[in-house]
Amino acid sequence: MSYQNQTSDLLVVENLTTTFNTARGPLPAVGGVSFTLGRNATLGVVGESGSGKTVLSRTIMGLQPRVNVEVGGSVLLDGHQIVGATDDNLREIWGTTVAMIFQDPMTSLNPVTKVGKQIGESLRIRLGMSKAEAKTRAIELLNLVGISSPAERYDAFPTQLSGGMRQRVMIAIALACNPTLLMADEPTTGLDVTIQAQILNLLDGLQAERQMSVMLVTHDLGVVATRTDQIIVMYAGRIVEMGSTRDVFLNHRMPYTRALLESTPRVSNPSHTRLKTIPGRPPNLLKLQQGCAFAPRCSRATEQCSIERPLLQPAAAQGHMFACWNPLDSGSGDIQRSSNVAVSAPTTLSQAVTPQPTTTEIGDDYER
Amino acid sequence: MTEQSINETSPEVVEQPEKKEPLGVFFWLCLSWLILVAVGAIFGNLLPIPDPNEMLSMPNEGMSAAHWLGTDALGRDIFSRIVIGSRISLTISIGSMAIGFGVGGTLGMLAAFRRGILDLVATSIAFMFLAFPSIIGVIAVLSFWHPASLGKITLVVGITSIPLVYRVVRAATLATASKEYVTAAKVMGARDRRILFRELLPNVAPTALSFLLFGLATVVVFEGILAFLGLSLPPYLAPSWGNLINESRDAITSTPRNWFLIVFPSLALCLFVLCLNFVGDRLRSYFDVTEVKL
């Protein structure tokens, strides 16, 4: 395994494909994805349900199922090749180089083990700490993720904690071995909105504090709007638009990105505004058309769209790419610009309910 | 992000339940009965009770101070025969469950965890055996494998229970292994052995324990069936609960006033099975940490 220069990109994904061999034929859940993620950067991956976000993040970790799956391309994580690596190889980087916060805090904690033990476990396995050291550190971590009276909570079983606290425990477990890359797969989906904001702010603070990179997988644009440097928009297992958060929000070229943004509720809208929805459903990946996967649902689709699949092409801004034959005009993101308020309910609601000392996330949206 | 906002107090603090619901008087009653039976089985010879194999009195005598539960057709003391009889019943049930869980439980966990060829082969074989009524198999083997002995009966019943245990443990393990926390443990760097013992076993254990207690009780009854068919230990060697019931069958059909011959051994068997199940159930819910008790 070659070890690359520390200053190089942390994560280099090249033409990654994950195909499930189902009884009804191959299902390309991830169909050729390439991107890079630098150190100490935050990447948001957005898309509808079934767009391949979760499979992508699991494949990057080497967690795809072992049977009936074919993975192609390359994932270089801090110099380690993930594609084709065995569990024994991966165990060297799991926890220390890359860690994951799972989607559902209700099922991600072992119900019969005390939460403190579950945090301490990886410390003992990976860092070889003694029992006492691990306990001290676990309590520190519980404190770090904002759990009150951590020493008492150390002995709690998961069922004695609420969803928000369990997700904090999950974050503590993921942070235990100081990972360089933290994968957060819809970390707030199972939580109610006020807790969502707390968890996301916590992640944000920890990311800055610990100089780690975060890959935030979500279907909620409000989550990524103010907390990411870069955004990848996925549709049907492929990247349809990627770029800096600002470019994707303000200068998006791909109609799908626009549609996603328009279907997000905003506080600047007058009350009782009907939300725009994207007509139709995500395509069946078993029966992908040869053209653009979004074409059947796209208002701008032309004949060309159903014949030939558009490739990612660079937009005006550096690093901003989109895949569309009939892109929106650059700078057409004005639908967002007119408002100076938040992008979606979670952020705004949290603002209303729990006043935050830092207002950067809302006031000057996208300006990070 | 300031330190202050990271450590904002979480409003969603749930108070830990301080006291658990007590086990209850009935639990302790049942447990005492089980302990009493166990003591009788282990120290039966040392107890100041009449010799179970000695003809001490007139046959079919009713209850008296000398013979608490009366005497059987050969004038033997029924009480001491029940006490000693528990020995055979318990040995067979504990022994066969040890075999069943030792082989079936281990295989079930491994198969569900590793999947692949081991799972395929083991599951196919187990389901093949499950397709036959096990009692017929046991009867067939024991009819030809003479003479019956404690070891043989335990072994045959134990082997019969392997596919049943295998199926239950495998299913419980499969359900647990697909949970996210097993993946989470893996991503934390836990090795297979650790996942098996730390993540899977504690979650499979409650299911396995309930099945174990159920199995213990079933085998006690099963031995009764074998004895009823005359396939268990010959009654002159040692009485078992099943033997006692079987022996008294003829006695009561001819003379119903000898009801005590069959009622007390049956009562002993029923009470034992009932207590075992109740104690098991109560213990399981007492130590269950996966349910919030409000």
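Let me start with a definition: a residue is buried if 20 or more other C-beta atoms lie within 10 Å of its own, exposed if 12 or fewer, and partly exposed in between, with C-beta atoms placed from the backbone. Bear in mind that this is a predicted model, where local features need pLDDT of at least 70 and side-chain atom pairs count only at pLDDT 80 or more, while totals for chains, interfaces and linings use all residues. Residues are numbered from 1 along each chain as its sequence is written, and chains are lettered from A and ligands numbered from 1 in the order in which they are written.

Let's look at chain B. Helices (H or I, at least four residues) and strands (E, at least two) are DSSP runs, numbered from the N terminus. Helix α9 of chain B covers residues 241-254, 14 residues in total. From first C-alpha to last, α9(B) reaches 21 Å, close to the 20 Å expected at 1.5 Å a residue; that expected span is 1.5 Å times one less than the number of residues.

Where is the kink in α9(B) centred? On B:Ser248, with a value of about 30 degrees; the bend is the angle between axes fitted to the seven residues ending there and the seven starting there. B:Ser248 is also buried, as are others in α9(B), including B:Trp241 and B:Leu244.

Now over to chain A, and some backbone angles. Most residues other than glycine have a negative phi. A:Asp78, in the loop between β4 (69-77) and β5 (80-81), has a positive phi of about 55 degrees. A:Glu186 sits in the loop between β7 (181-185) and α7 (193-210), and its phi is positive too, near 45 degrees.
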